[in-house]
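Biologist: I am still learning how to read a protein model, and I would like to know where the words used for it come from. Could you show me the structure and let me question the terms one by one?

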Amino acid sequence: MSKAEVTMEVGNDGVAVITMSNPPVNALALAIIAGLKEKYAEAMRRNDVKAIVVTGKGGRFSGGFDINVFQKVHKTADLSHLPDASIDLLVNTVEDAKKPSVAAVEGLALGGGLEVALACHARIAAPKTQLGLPELSLGVIPGFGGTQRLPRLVGLSKAVEMMRLSKSISSEEGYKLGLVDAVVSSEELLKVSRRWALDIVNKRKPWVRSLHQTDKLGSVSEALEILKISRQQAKKTVPHLPQHQACLDVIEEGIVHGGYSGLLKETKVFNELVLSDTAKGLIHVFFAQRATSKVPNVTDIGLKPRNVKKVAVIGGGLMGSGIATALIISNIYVVLKEVNSEYLLKGIKTIEANVRGLVTKGKLTQDKARKALSMLKGVLDYSEFKDVDMVIEAVIENIPLKQKIFSEIEKICSPHCILATNTSTIDLNLVGEKISSQDRIIGAHFFSPAHVMPLLEVVRTEKTSAQVILDLMTVGKAIKKIPVVVRSCTGFAVNRTFFPYAQGAHFLVNLGVDLFRIDRVISNFGLPMGPFQLQDLSGYGVAEAVGKEFATAFQGRTFESPLVNLLLKNGRNGKQNGRGYYIYEKGSKPRPDPSVLPIIEESRRLANIMPGGKPISVTNQEILEMILFPIVNEACRVLDEGVVVRASDLDITSVLGMSFPSYRLVV
């Protein structure tokens, strides 16, 4: 493995080129920060050095601070592991130096990497370079001066947006905003940067210390108004994430009391946040996500993924159309099969609506949308299946139907074709029971809506080949999903772990606890919605079918609530028909439906579990514990049975599949 190092070469022109090298993204490891200090000290001492250009090796400037250091801090609670880079390196050594520095930026300059560039006196960038400060997504704030320098270069509103949304911009946009001084080709980057540095020395270009700039901040009163609005937005959208308000406080300190004062507060607040539970949870998720790509006896045995260019999707319903959308927008040809013309047309129209929706949200250009839709073909038989690389079956949860489909496609598809099912609960051993090619059977469990949700459970049986697992993981990454490999069992990792979630909620309701209070408690904890609103969203038919699967698989460990059946008999099906626990009207938020209360009372009468026939009295904390603790217990069973490779895989599937708040993970 290449070691982290900083090198310096002095040219005949008197420009010292200092290069950071720490593959793959030149992360600012402690050795890189120490190396920068050392090379700067040497450059300052040498009489043959007039100016400095800072760059990164291998076409990348720097992906930011090495967050492995955060893990060390979390294990030891010792802040001395963190370097003093903000004042000691970037102010005293770089910005206030007697010789000018120019950052030659290419590929990416993110987090601490961008902050190094911000401390330089000019920034020259190659085309399409990514620039951003994503630290808030890790529960901290920029800690090397970004909260002070970015607003002074791009203006307060844009800087707040970039930091709060962890949103990167291109070098082209950076040039328009004033973050970048020039955009030049990769071939010209060093040459132009050297010349620019000498032009600063010779007073042909300005010597800009960004920490001292104030012209883009506007008046103090204007700045405070922008920050006030941003605080209100943060309070509304991310009430549980303290780093957002903290970041705005630090920016305000610099505006009111000056950039240097802002830097001192930035360091203090950064050190407080890095030890917070929020940062611990978010940083844990960061590493957990990366760990999912390592699967013993699959990714470590020298196999190479095969190219999957064409996929057949069987079933154009909600899931099938979502899966097809995810594939075509990632340049994979799709053959969509349905049983009749009416269903096929409906499926194609759903896909077209999905693609239009992505265009409306700015996630897809019109040209890419047209290209995506040209990669879709609808069929009513298997004639187009002969040359597909993978089939994904996405029909209703019916074992005989799935077995019939797999028996048919095994005969038609090529011997290398991957045979995948999108079942959410059925054991794959049953699905593939009637075919001979059981090494090709695999689960591709997407979450709804499939073209939006980031998780893909790659479900293996004891017979699934390592090659097929690797191929599906590769397809998952190609369509911008996070593939997590799990073993087959009822519910797989996510639905199996979370099956006690709805059970606990129904148990509490039938014990007399207010249903809408339960939803409020869970939402206030940080999940996007409570268990009953979630049931409204997925539909009661799904809840009933899944409930039966779990009742069969885990006899003696389930609570069969009469409530869902009563709602169906009452003609309700949640959001699908606008009548559930909540009332759904276009243009307004769901609101509790008082007419559901008599149905709940009937459920309580039938369940007959209230002690002495009277509702129990519980605190909000007890509601949380009664719903979430059984999930923890089930997660322990899932781990014990070897359903997932490692404990952190369960954390990442919970966050991505159930939107469990990552800042609530106890690590």
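What follows is a conversation about the terms used for this structure and the values behind them.

Biologist: Before we start, what kind of model is this, and how are its residues numbered?

Modeller: This is a predicted model, in which local features need pLDDT of at least 70 and side-chain atom pairs count only at pLDDT 80 or more, while totals for chains, interfaces and linings use all residues. Residues are numbered from 1 along each chain as its sequence is written, and side-chain values use heavy atoms, with hydrogens and water left out.

Biologist: How many helices and strands does the protein have, and what makes a stretch count as one or the other?

Modeller: The protein has 27 helices and 19 strands. Both are DSSP runs numbered from the N terminus, where a helix is a run of H or I with at least four residues and a strand is a run of E with at least two.

Biologist: Why is the protein called as compact as a globular protein of its length?

Modeller: Its radius of gyration is 28 Å, close to the 26 Å that the globule rule gives for 667 residues, and therefore the protein is as compact as a globular protein of that length. The radius is taken over C-alpha atoms, and the rule is 2.2 Å times the number of residues to the power 0.38. Along the principal axes, the C-alpha trace spans about 85 × 60 × 45 Å.

Biologist: What share of the residues is buried, and what makes a residue count as buried?

Modeller: Buried means under 20% relative accessible area, exposed means over 50%, and partly exposed lies in between, using a 1.4 Å probe and protein chains only. By that cut-off, buried residues make up 54% of the 667 residues. As for contacts (heavy atoms within 4.5 Å), residues 24 or more positions apart account for 73% of those with a separation of 6 or more.

Biologist: Why is helix H6 described as largely enclosed?

Modeller: Seven of the nine residues of H6, which covers residues 156–164, are buried, so the helix is largely enclosed by the rest of the structure. Among these buried residues are Leu 156, Val 160 and Met 163. Their cover includes strand S7 (130–132), helix H5 (146–154) and helix H10 (242–257). Just after H6, Ser 166 takes a positive phi of about 50 degrees.

Biologist: What makes helix H3 largely enclosed, and what do its buried residues pack against?

Modeller: In H3 (residues 85–95), nine of the 11 residues are buried, so this helix too is largely enclosed by the rest of the structure. The buried ones include Ile 87, Leu 90 and Val 94. They pack against helix H1 (30–45), strand S4 (101–105), helix H4 (112–119), H5 and helix H11 (259–274).

Biologist: How do you know whether Asp 199 is buried or exposed?

Modeller: Asp 199 has 14% relative accessibility, and because of that value it counts as buried. Asp 199 is placed in helix H8 (residues 189–201). Not counting residues up to four places away in sequence, Asp 199 touches Arg 204 and Lys 205.

Biologist: What is noted about the phi of Asn 26 and of Phe 492?

Modeller: Most residues other than glycine have a negative phi, and most peptide bonds are trans. Phi of Asn 26 is near 55 degrees, which is positive in a residue other than glycine, and Phe 492 likewise has a positive phi near 55 degrees. Asn 26 lies in the loop between strand S2 and H1 and, at 2% relative accessibility, counts as buried. Phe 492 is in the loop between strand S17 (482–487) and helix H19 (494–497), and its 0% relative accessibility makes it buried.
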